[in-house]
Amino acid sequence: MKKIFFFLFLSVCIGVSCNNNKEIDRTDPLESGREFIDAALKGDYVRADKYMLKDSLNEDYMDGLKDFNKKLDKIERENYREANIIIDSVIQVSDSVNIIYFANTYKKEQQQLKLVRENKDWWVDFKYTFNHNSEK
């Protein structure tokens with residue numbers, strides 16, 4: 001379980017500068033995914049939550065990420081905050097599902113993030129990052 005949260009944190013700890021006062025725009029799946037990853041890498045869970053699909057399992061995984069982050073030492077947290085996002089590819093599975101394959105410059109381990117469209121907005125289905133092998 002620790003390993004899962006570690007890889008998740010690494011994935012989410014992608015450093016792209018972002019302004020917290022920036023207006024939220026979820027109309028583009030890549031932008032929604034990047035903003036979520038950047039916020040999570042920086043430990044800005046309030047901002048990350050604005051891009052996450054609301055369900056109990058996603059919230060449980062986010063709580064686990066927060067706990068994992070609290071256990072990191074100061075230097076490691078800083079390394080995640082300073083990391084850059086590396087987007088390998090974006091796969092459009094359907095009209096309403098995209099998968100982003102990415103890593104960060106700190107850990108360089110490829111991760112996957114699923115985005116789903118509801119109405120005109122793209123939301124991160126965070127649980128997919130942990131159990132994508134069991135989903136189609």
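Let me begin with contacts. Among contacts in the protein chain (heavy atoms within 4.5 Å) between residues at least 6 apart in sequence, 59% join residues at least 24 apart.

A word on the source. This is a predicted model: local features need pLDDT of at least 70, side-chain atom pairs count only at pLDDT 80 or more, and totals for chains, interfaces and linings use all residues. Residues are numbered from 1 along each chain as its sequence is written, and side-chain values use heavy atoms, with hydrogens and water left out.

Now the layout. From the N terminus, the order is α-α-α-α-α-β-β-β-β-α.

Burial next. Of the 136 residues in the protein chain, 45% are buried. Buried means under 20% relative accessible area, exposed over 50%, and partly exposed in between, with a 1.4 Å probe and protein chains only. The accessible surface comes to about 7400 Å², and carbon and sulfur atoms hold 47% of that. Those areas come from the Shrake-Rupley method with a 1.4 Å probe; for residues, only the protein chains shown count as cover.

On to the sheet. The four strands form an open sheet, ordered β1-β2-β3-β4, with antiparallel pairing. Two strands pair if DSSP finds at least two bridges between them. β1 (85-94) and β4 (121-125) stand at the edges with a single partner strand each, so one side of each has no neighbour in the sheet. From one strand to the next, the twist averages 30 degrees. Axes here are lines fitted to C-alpha atoms, for helices over the stretch in contact, and angles run from 0 to 180 degrees between N-to-C directions.

Take the pairs. β1 and β2 (residues 97-104) are antiparallel over eight bridges. A hairpin of two residues joins β1 to β2. Val 90 stands opposite Ile 100 in β2. At the other end of the order, five bridges join β3 (residues 111-118) to β4. There, Lys 114 stands opposite Asp 125 in β4.

Stay in β3 for Leu 115. Is Leu 115 buried or exposed? Leu 115 is buried, with a relative accessible area of 0%. Beyond four places in sequence, Leu 115 contacts Pro 29, Ser 32 and Gly 33, and also Trp 122, Trp 123 and Val 124, among others. Leu 115 and Pro 29 are 86 residues apart in sequence, yet 6.4 Å apart in space, C-alpha to C-alpha.

Arg 26 sits in the loop between α1 (2-12) and α2 (29-41). Arg 26 is buried, at 17% relative accessible area. Contacts of Arg 26 beyond four places in sequence include Ser 32, Lys 50, Tyr 51, Asp 121 and Trp 122.

Last, helix α4. α4 (residues 56-71) has 16 residues and reaches 23 Å from first C-alpha to last, close to the 22 Å expected at 1.5 Å a residue. That expected span is 1.5 Å times one less than the number of residues. Which residues of α4 are buried? They are Asn 58, Tyr 61, Met 62, Gly 64, Leu 65, Phe 68 and Asn 69. Down the axis of α4, these fall within an arc of 155 degrees, so they line one face of the helix. The arc is that of the directions from the helix axis to the C-beta atoms. Turned away from that buried side are exposed Ser 56, Lys 70 and Lys 71.
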